[in-house]
Number of protein chains: 2
Amino acid sequence: MRNIKLLIEYDGTNYFGWQKQKLGTTVQGTIEIAIKKVTGEDVKLIGSSRTDSGVHARGYVANFKTNSSIPGNRFKEAINTKLPDDIVILNSLEVMEEFHARYNSKGKTYTYTVLNSEIPSAIGRSYSYHVRGKINIEKMTETCKYFIGTHDFKAFKSDGSSVKTTIRTISDLHIEINKNKIKFFITGDGFLYNMVRIIVGTLLQVGRGTKLPIDIKTIIDNQDRKGAGMCVPALGLVLEEVFY
Amino acid sequence: MRNIKLLIEYDGTNYFGWQKQKLGTTVQGTIEIAIKKVTGEDVKLIGSSRTDSGVHARGYVANFKTNSSIPGNRFKEAINTKLPDDIVILNSLEVMEEFHARYNSKGKTYTYTVLNSEIPSAIGRSYSYHVRGKINIEKMTETCKYFIGTHDFKAFKSDGSSVKTTIRTISDLHIEINKNKIKFFITGDGFLYNMVRIIVGTLLQVGRGTKLPIDIKTIIDNQDRKGAGMCVPALGLVLEEVFY
């Protein structure tokens, strides 16, 4: 069978996350229905990541097997005409039969956006987490270096998923400021359940002065979830890119 | 009675525009209900502009009369707790009894955002108008000067509103580019019905080469709506600021 790789952008606001489930509409389920309308086949779309309810993606990668004769690069337009406007296929490509969007992933970049203002915003409110009060950006920036590298991130993982190992490598973590928006960029070989959101929650504690930059070292060493900060809401999180 | 001035941000996606009407939920109607929950009064909110269905605002100004004893700057928090999250009061202030949000307005700045890309965007899709194909930015920029100044803008007005005069003064019109976003900034003493959206539609014709910059002079002179371009969709339009 042919193997088609999709590059996908979605606004996760109205979805119960990526992965198909009975509770509600998911991104995976919605795209599978769209593909069926195009090829007539019941495909299983293999996703690179199980994004949670409300999380967005600008560069999600998935693949599916098909017997359709549609040229690889034409699936894009064909599927887009069958999708709601909060999901778009940015690119489609025929790849080797062995390609697997999840197993072959070498890493991912996520961003998380915080709106730091007295009053929340109406415009774009689905894309940032509103935080009041003074946040010390320099302290947060100084803290990033403690996350970078290969560590056991057990303290930065929510319950609810089983993994062989909680060791991950973060190759980049930095912060960019644009007016009252604080944007966190994080790249790693893989992320534990809620790991990005807990790292951001912990950085915000440093920014507010309830933790010191050096505390991160102890939190990582202690491997205790209670040591880390809150899991910030899904809406600020965007899966930007998946690397192969 | 006391007179309270509000600075308002709203995402117009889910509203039938600013002005109260029977067909559906409006921004004015929604805020009036929120004020009633705060003061117990049936107030009439005077708006600075009748924004259309789907148009957004970052700096809308309105005022209302009240007998409430709430300090002027406290209305903000009080009303916000009663509003849905697509409308926020950014500021509230007690002003002179004579102040009238519409009559006293000396001018307004609007922006209009075009997403120029092959594929539309899912994230932020409510805030820009998607346009495919090559658009010549230099030609559009060159064209702006023909709009600036005091002109009869009869050709740039949709039917459906009666005005004493169609003469308006545009003090600024310029374009900024950010990646694949084209953002039009327009400031004037007032705008006719759909005027900003028709000006942007006409500029896009120049950008696509179906009109020349110099044609704008003729279109203005001829005062014929058919000479100008299409009225681009509401979703790209934001009322940024109202001047007094």
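Q: How far apart are the centres of domain 1 of chain A and domain 2 of chain A?
A: Taken over C-alpha atoms, the centres of domain 1 of chain A and domain 2 of chain A are separated by 27 Å. The bounds, 2-95 for domain 1 and 107-243 for domain 2, come from an automatic or database domain assignment. This is a predicted model, in which local features need pLDDT of at least 70 and side-chain atom pairs count only at pLDDT 80 or more, while totals for chains, interfaces and linings use all residues. Residues are numbered from 1 along each chain as its sequence is written, chains are lettered from A in the order in which they are written, and side-chain values use heavy atoms, without hydrogens and water.

Q: What makes residues of domain 1 and domain 2 of chain A part of the contact?
A: Contact means heavy atoms within 4.5 Å. The contact takes 15 residues from domain 1 of chain A and 16 residues from domain 2 of chain A.

Q: What area is buried between the two domains of chain A, and which residues of domain 1 lose the most?
A: Buried area is the accessible area (1.4 Å probe) that two parts lose on being put together, summed over both. Between domain 1 and domain 2 of chain A it is about 1,100 Å², with carbon and sulfur atoms giving 50%. On the side of domain 1, A:D52, A:H56 and A:R58 lose the most area to domain 2, together 43% of what that side buries.

Q: Why is the pair A:R197 and A:D52 called a salt bridge?
A: The term requires a side-chain nitrogen of Lys or Arg within 4 Å of a carboxyl oxygen of Asp or Glu. The closest N and O atoms of A:R197 and A:D52 are 3.3 Å apart, so the pair meets the rule. Across the interface of the two domains of chain A, the rule finds two salt bridges.

Q: How do you know that strand β5 (residues 107-116) of chain A and β10(A) pair?
A: Two strands (E runs of at least two residues in DSSP, numbered from the N terminus) pair if DSSP finds at least two bridges between them. Six bridges join β5 of chain A to β10(A), and these strands run antiparallel; A:G107 has A:F243 as its bridge partner in β10(A). Strand β3 (residues 56-66) of chain A pairs with β10(A) in the parallel sense over two bridges, and A:H56 has A:V238 as its bridge partner there.

Technical notes: Helix = DSSP H or I, 4+ residues; strand = E, 2+ residues; numbered from the N terminus.
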